Amino acid sequence: MTSPGTELVAPDDAAIPVRRRAHWHAGVLLAVLLGGLYLARRHWPALESGAGRLAGADQGWMLVGATAALGTWAASALAQQGAVLRRLPGPRLVAAQFAASAANHLLPAGLGAGAVNLRFLMRCGLPAGRSASALAVKATAGAVVRLTLIALLAPFCPGLLRLPDLSATALLGALGAAVLLGALLATPLWPRCHRALAAVLADIRALHASPARAAALWGGSLAFASLHSTVLVAVTRAVGLPLPPLQVALLYLAASSAAALLPTPGGLGSLDAALALALTVSGAPGAAAASAVLGYRLLTVWLPLLPGLLVLGVLVRRKAL
C-alpha cells in the first residue's frame, strides 16, 4: 500500500515529460515564426516594390496564377505518395507539403522541406532509411521530369537556350569536381554512398511494380513542374510581358534547374536572378521581367509563407511531425 506522499509525487513525476514536450513544441513554433518574420523583414523592400509594380496587373491572370500555386502542394503530395508503397494519410500529407514549402524558405538547399517530409514519413511508420530513400526517389523523379520537359520544349523555341562559353575558371572547376569525385571513390564513404544509391534504385524498381504508385510519382512530379511554370506564365500575362507561354515555361524550367545547384533557402536570390536574367535576355523589358519574378514569388512564397509556418507549428504540436 502506497503512502500519501508517494501518491502526490507520482503525478508530478509523470507530468515532467509532458511539460518538456509542450515546451519543446512551443519552442519550435516560436522558432519557425521568428524565422518567417526575419525572412519577411530581410526582403521587405522587394515585397514593397513588388506590390507597387503588381498593383496594375491583370487580376484575372493573377487569380489563375494563384490557383496554379495552390495546386503545387497537391501535386507534391501526389508525388510523395507515389514514392512510397505504404498508404499515407491524404489530408496530413497535403498539409505536410504546405508546411514543407514554408520551411524550405528558411534553410538552404531544400533542407527545410527535406526535414519536414522526413519527420512526416517517420511519423507514418516508415523507418528512417526508407523515409530518406523515399525523399531521394521523389527528388530524382522531379529532376528527370524537369530535364525531360526541357528537352521536349527546346525544339519549339529554337535559339532560346544557349550553352554558355566555357572559361578557364569553369574548366578548372569541372576538373576539381572530377578530382573530388575520384577522391570520394577512394574513401571509406563510398561504400555507404553505394549502399544508399542501391537502396534508392531498389525502391524505384519496387514502386514501378505497382502501376498506381508509378503513375502517382511521375504524374505528381509532372504536375508540380507544370503548375509552377503555369504560375510564371500567368504572372507574365498579368503584367503584359510580351513572351510566348512556351518560352516562359522553358525559361522557368531551365532557370529553376540551374538555381537548384545553388544552396540558397528555397532558391531565394538564385532563382530570382536566374529568372530575371533569362526573361531579360529573351527580350523582355527589365521592369516587366522584374515585376514578373516578384509576382511569381508573391504567389509561391510570400503569401503562403505565414500560413505555411502556422500549419508547420500545428503539425509539430499534434505530433504529426
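**View 1. Gln 80, a buried residue of helix 3.** At 0% relative accessibility, Gln 80 counts as buried (under 20% relative accessible area, with exposed over 50% and partly exposed in between, using a 1.4 Å probe and protein chains only). The residue lies in helix 3; helices here are DSSP runs of H or I with at least four residues, strands are runs of E with at least two, and both are numbered from the N terminus. Leaving out residues up to four places away in sequence, Gln 80 touches Leu 88, Leu 93, Gln 97, Asn 117, Leu 121, Ala 134, Leu 135 and Lys 138, where contact means heavy atoms within 4.5 Å. A word on the model before moving on: it is predicted, with local features needing pLDDT of at least 70, side-chain atom pairs counting only at pLDDT 80 or more, and totals for chains, interfaces and linings using all residues. Residues are numbered from 1 along each chain as its sequence is written, and side-chain values use heavy atoms, with hydrogens and water left out.

**View 2. The whole protein, for orientation.** The secondary structure comes to 12 helices and 0 strands. Of the 321 residues, 37% count as buried. Among contacts with a separation of 6 or more, 77% are between residues 24 or more positions apart. The mean pLDDT (the predictor's confidence in each residue, from 0 to 100) is 78, and 68% of the residues reach 70 or more. Please read residues 5-15 with care: their pLDDT is below 50, and this stretch has 2 contacts in the model beyond near neighbours in sequence.

**View 3. The largest nonpolar core.** A nonpolar core is a set of buried Ala, Val, Leu, Ile, Met, Phe, Trp, Tyr and Cys residues joined through side-chain atoms within 4.5 Å. The largest one holds 38 residues, of which Val 231, Leu 241, Leu 243, Leu 253, Leu 275, Leu 279 and Tyr 296 touch the most other members. Helices 3, 6, 9, 10, 11 and 12 each give two or more residues to this core, and helix 10 supplies the largest share, 8 residues. Look at Val 231: beyond its neighbours within four places in sequence, this residue is in contact with Gly 65, Ala 68, Ala 69, Tyr 296, Leu 299 and Thr 300. Apart from this core lies another, of 31 residues, including Ala 77, Ala 99, Leu 135 and Leu 312.

**View 4. Two aromatic pairs.** The structure holds 2 aromatic pairs; rings of Phe, Tyr and Trp (its six-membered ring) pair if their centres lie within 6.5 Å, and planes under 30 degrees apart count as stacked, over 60 as edge-to-face and the rest as tilted. Trp 73 and Phe 98 form an edge-to-face pair, 4.8 Å centre to centre with 75 degrees between the planes. Their pair links helix 3 to helix 4 across 25 residues. Trp 73 is buried at 11% relative accessibility, and Phe 98 is buried at 18%. Tyr 252 and Tyr 296 form a tilted pair, 5.8 Å centre to centre with 55 degrees between the planes. This second pair joins helix 10 to helix 12, 44 residues apart, and both tyrosines are buried.

**View 5. Pro 91, an exposed residue of helix 4.** Pro 91 lies in helix 4, residues 90-103. At 70% relative accessibility, Pro 91 counts as exposed. Its C-alpha atom is separated by 9.3 Å from that of Ala 77, 14 residues apart along the chain.
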